[in-house]
Amino acid sequence: MKILVNGGAGFIGSHTTVELFNAGHTPIIIDDFSNSQKWIIDRIEQITNKRPKVYEGNCTDINFMDDVFEKEKDLEGVIHFTAFKAVGESIEKPIPYYKNNINSLLVLIEVMQKYGVENIVFSSSATVYGDPDTNPLTEKSPRKQATNPYGNTKLIAEDILKDTVISRAKIKTIPLRYFNPIGAHESHLIGELPNGVPSNLVPYITQTAAGIRKELTIFGNDYDTPDGTCIRDFIHVVDLAKAHIATLEYLQNQTSPFFDVFNVGTGKGTSVMELINTFEKVNNTKVKYKIGPRRPGDVKACWADTKKVQNVMGWKAQKTISDAMKDAWEWQKTL
Ligand code: WQD
């Protein structure tokens, strides 16, 4: 299948582009490189021996998007990663978040309708479950009001896609609710490239181990969990990338209009402390850390029930937390 990958030079986008090539598909990247690097494209080529075609531009620009669809007539689907994703920044600058994350989706749906492209995989997030009452989370668990504009854009985007399907437009779509993506490609040629001081845990761990950051702060060890630190469902980015290929292949066999949501996690909760301990053990290195206060907006625990994606699509995470911690460290050492 010829697949448009919006945000294909980003963390999840680049790994998905590699897996699309591995599965025999033809990925075409759109990226404005505002939060990604051009050399990632060379790295994708180094890994796969294939170079994806790249259109440099912004997905909110309808003329640009129309032009891409005009040139790429036989597209069979789109994976839409394009989004701003820094939770804290979204509270300070809500408008760019709404503008970028929502407009890009609206423009995309409009051009897809115009050119008769039906399949769209959308990057949603476990953030739509808010602070869950129980774990693991199934797709039937209630969505909760978002605590920040970033999270709200994911709720709104899911609703936009659902309403478009309800209107009986010719569209087939699956928002994938990602849990916490971590790790890097096993070649260590691509991985996460945070902008400035990382707000996510794993890049903070690797940068601290590398001496770029002085010390990691664990945001609270007084939660009602076995070791007092928060619990998340950390999923290796390569497993997550593969879930997109399974989703596209599944969507291709559905009839239009179609909407469904799927969790993409491992089904296993790991605490912040356990993750740090695993990092130190598998890499035989130390991470300097201290315990700090809780971070506002953090939920105590959040992990996925993965039965639906496993039963319906036959996808299951294969890699372990240890694999992810090794790959994240090997990648960090190349930077
Ligand atoms: C994980 C745990 C922190 C940093 C967010 C978004 C989500 C998704 C992924 C992406 C928490 C703790 C972290 C640190 C720490 N969005 N932590 N010290 O908050 O689960 O999810 O990122 O695009 O939508 O909400 O991920 O990696 O920030 O935090 O102790 O320096 O690590 O408190 O318990 P989170 P995270």
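Trainee: What should I know about the model and the numbering before we start?

Mentor: This is a predicted model, where local features need pLDDT of at least 70, side-chain atom pairs count only at pLDDT 80 or more, and totals for chains, interfaces and linings use all residues. Residues are numbered from 1 along each chain as its sequence is written, and side-chain values use heavy atoms, with hydrogens and water left out.

Trainee: Okay, helices. Why are α1 and α8 called oblique to each other?

Mentor: Look at the angle: α1 (residues 11-22) and α8 (residues 237-252) pack at about 60°, with their axes 8 Å apart. Under 35 degrees counts as roughly parallel, over 145 as roughly antiparallel, 65 to 115 as roughly perpendicular, and the rest as oblique. So α1 and α8 come out oblique. The axes are lines fitted to C-alpha atoms over the stretch in contact, and angles run from 0 to 180 degrees between N-to-C directions.

Trainee: And what makes α1 roughly parallel to α2?

Mentor: The axes of α1 and α2 (residues 39-48) come within 10 Å and cross at roughly 30°. That angle is why α1 is put down as roughly parallel to α2. The crossing of α1 and α2 is right-handed, as is the way α1 passes α8. Right-handed means the near helix is turned clockwise from the far one by less than a right angle, and left-handed means anticlockwise.

Trainee: Which residues of α1 meet α8?

Mentor: Contact means heavy atoms within 4.5 Å. Phe11, Ile12, His15, Thr16, Glu19 and Leu20 of α1 meet residues of α8, among them Val237, Leu240, Lys242 and Leu248. Ala, Val, Leu, Ile, Met, Phe, Trp, Tyr, Cys and Pro count as nonpolar, Asp, Glu, Lys and Arg as charged, and the others, Gly among them, as polar.

Trainee: Which residues does α1 use with α2?

Mentor: Ser14, Thr17, Val18, Phe21 and Asn22 of α1 meet Ile40, Ile44, Ile47 and Thr48 of α2. That contact has five nonpolar, four polar and no charged residues.

Trainee: What about α7 and α11: at what angle do they pack?

Mentor: α7 (residues 201-209) and α11 (residues 321-334) pack at about 55°, with axes 10 Å apart. That makes α7 oblique to α11. The contact is made by Val202, Pro203, Thr206, Gln207 and Ala209 of α7 with Met325, Ala328, Trp329 and Gln332 of α11.

Trainee: Now the holes. What makes something a cavity?

Mentor: On a 1 Å grid over the protein atoms alone, a cavity is a set of points where a 1.4 Å probe fits but cannot get out, and lining residues have an atom within 4 Å of a point. The count comes to two cavities of 30 Å³ or more.

Trainee: Which helix gives the largest share of the lining of the largest cavity?

Mentor: α7, with four residues. The largest cavity has a volume of about 80 Å³, and its lining includes Val202, Pro203, Thr206, Gln207, Ala328 and Gln332. The lining divides into five nonpolar, four polar and one charged.

Trainee: And which helix gives the most to the second largest cavity?

Mentor: α6 (149-166), with three residues. About 50 Å³ of space lies in that second largest cavity, and Thr153, Lys154 and Ala157 are among its lining residues.

Methods: Helices (H or I, at least four residues) and strands (E, at least two) are DSSP runs, numbered from the N terminus. On a 1 Å grid over the protein atoms alone, a cavity is a set of points where a 1.4 Å probe fits but cannot get out, and a pocket is an open set with protein on both sides within 12 Å along at least five of seven lines; lining residues have an atom within 4 Å of a point. Grid points are joined across faces, edges and corners, and a volume is the space filled by probe spheres set on the points.
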